[in-house]
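Colleague: Could you take me through this model, starting with its surface and ending with the contacts made along the chain?

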Amino acid sequence: MNSSPRAQVQAHADEAQTNYGVFKENDSSKDLKRIHRVKRNMKFLAYMAGIGGFLFGYDTGVISGAMLPLRDYFELSFQQEEIVVSSTVLS
């Protein structure tokens, strides 16, 4: 047989469909719905991860700018500054 691998796979799929009833008519619509649901969920997760990264960066910038006057006003040591910064990241 000198047929391409793609043709061999298609022939095997056609044989399975006709001989064994592997594929049903409703399976394709269920698969399409599942694919759509997975794509929608992936877009949502990517969006939420992007928002989370933006907020994390924003928080880091705000606390970095606020630490200069806080250190002077409260006379914080380096260890106390670390606690302040890490507590804002945890919340």
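Surface and overall fold

Modeller: The protein exposes about 8,300 Å², of which carbon and sulfur atoms supply 62%; accessible areas come from the Shrake-Rupley method with a 1.4 Å probe, and for residues only the protein chains shown count as cover. This is a predicted model, in which local features need pLDDT of at least 70 and side-chain atom pairs count only at pLDDT 80 or more, while totals for chains, interfaces and linings use all residues. Residues are numbered from 1 along each chain as its sequence is written, and side-chain values use heavy atoms, with hydrogens and water left out.

Colleague: Which pattern does the protein follow along the sequence?
Modeller: Helices (H or I, at least four residues) and strands (E, at least two) are taken as DSSP runs and numbered from the N terminus. The protein has three helices and zero strands. Read along the sequence, the pattern is α-α-α.

Colleague: What percentage of the residues of the protein count as buried?
Modeller: Buried means under 20% relative accessible area, exposed over 50%, and partly exposed in between, with a 1.4 Å probe and protein chains only. Of the 91 residues of the protein, the buried ones make up 4%.

Colleague: How much accessible area does the nonpolar patch on the surface have together?
Modeller: Patches are made of residues with over 30% relative accessible area and no salt bridge, like charges being joined within 9 Å and nonpolar side chains (Val, Leu, Ile, Met, Phe, Trp, Tyr) within 5 Å. Among the members of this nonpolar patch are Val-38, Met-42, Phe-54, Tyr-58 and Val-62. Met-42 is placed in helix H2, residues 25-74, and counts as exposed because its relative accessibility is 51%. Together the residues of the patch have an accessible area of about 1,100 Å².

Colleague: What is the angle between the planes of Phe-54 and Tyr-58?
Modeller: Rings of Phe, Tyr and Trp (its six-membered ring) pair if their centres lie within 6.5 Å, and planes under 30 degrees apart count as stacked, over 60 as edge-to-face and the rest as tilted; by this rule the count comes to two aromatic pairs. Phe-54 and Tyr-58 form a stacked pair, 6.4 Å centre to centre. Both residues lie in helix H2, four residues apart, or about one turn of the helix, and both are exposed. The angle between the planes of Phe-54 and Tyr-58 is 25 degrees.

Colleague: And what is the angle between the planes of Tyr-73 and Phe-74?
Modeller: Tyr-73 and Phe-74 form an edge-to-face aromatic pair, 4.9 Å centre to centre. Tyr-73 counts as exposed because its relative accessibility is 67%, and Phe-74 is exposed at a relative accessible area of 52%. The angle between the planes is 90 degrees.

Colleague: Which residue other than glycine has a positive phi near 50 degrees?
Modeller: Most residues other than glycine have a negative phi. The residue in question is placed in the loop between H2 and helix H3 (78-90), and counts as exposed because its relative accessibility is 69%. Not counting residues up to four places away in sequence, the residue touches Leu-70 and Gln-80, contact meaning heavy atoms within 4.5 Å. The residue with this positive phi is Glu-75.

Colleague: Which residue forms a salt bridge with Glu-81?
Modeller: A salt bridge is a side-chain nitrogen of Lys or Arg within 4 Å of a carboxyl oxygen of Asp or Glu, and a search of the whole structure finds one. Glu-81 lies in helix H3 and its partner in helix H2, so the pair ties together parts that are ten residues apart in sequence. With the closest N and O atoms 3.0 Å apart, the partner of Glu-81 is Arg-71.

Colleague: What distance separates the C-alpha atoms of Ile-63 and Ser-86?
Modeller: Ile-63 lies in helix H2 and is buried, because its relative accessible area is 12%. Leaving out residues up to four places away in sequence, Ile-63 touches Val-84, Val-85 and Thr-88. Ile-63 and Ser-86 are 23 residues apart along the chain, and their C-alpha atoms are separated by 9.9 Å.
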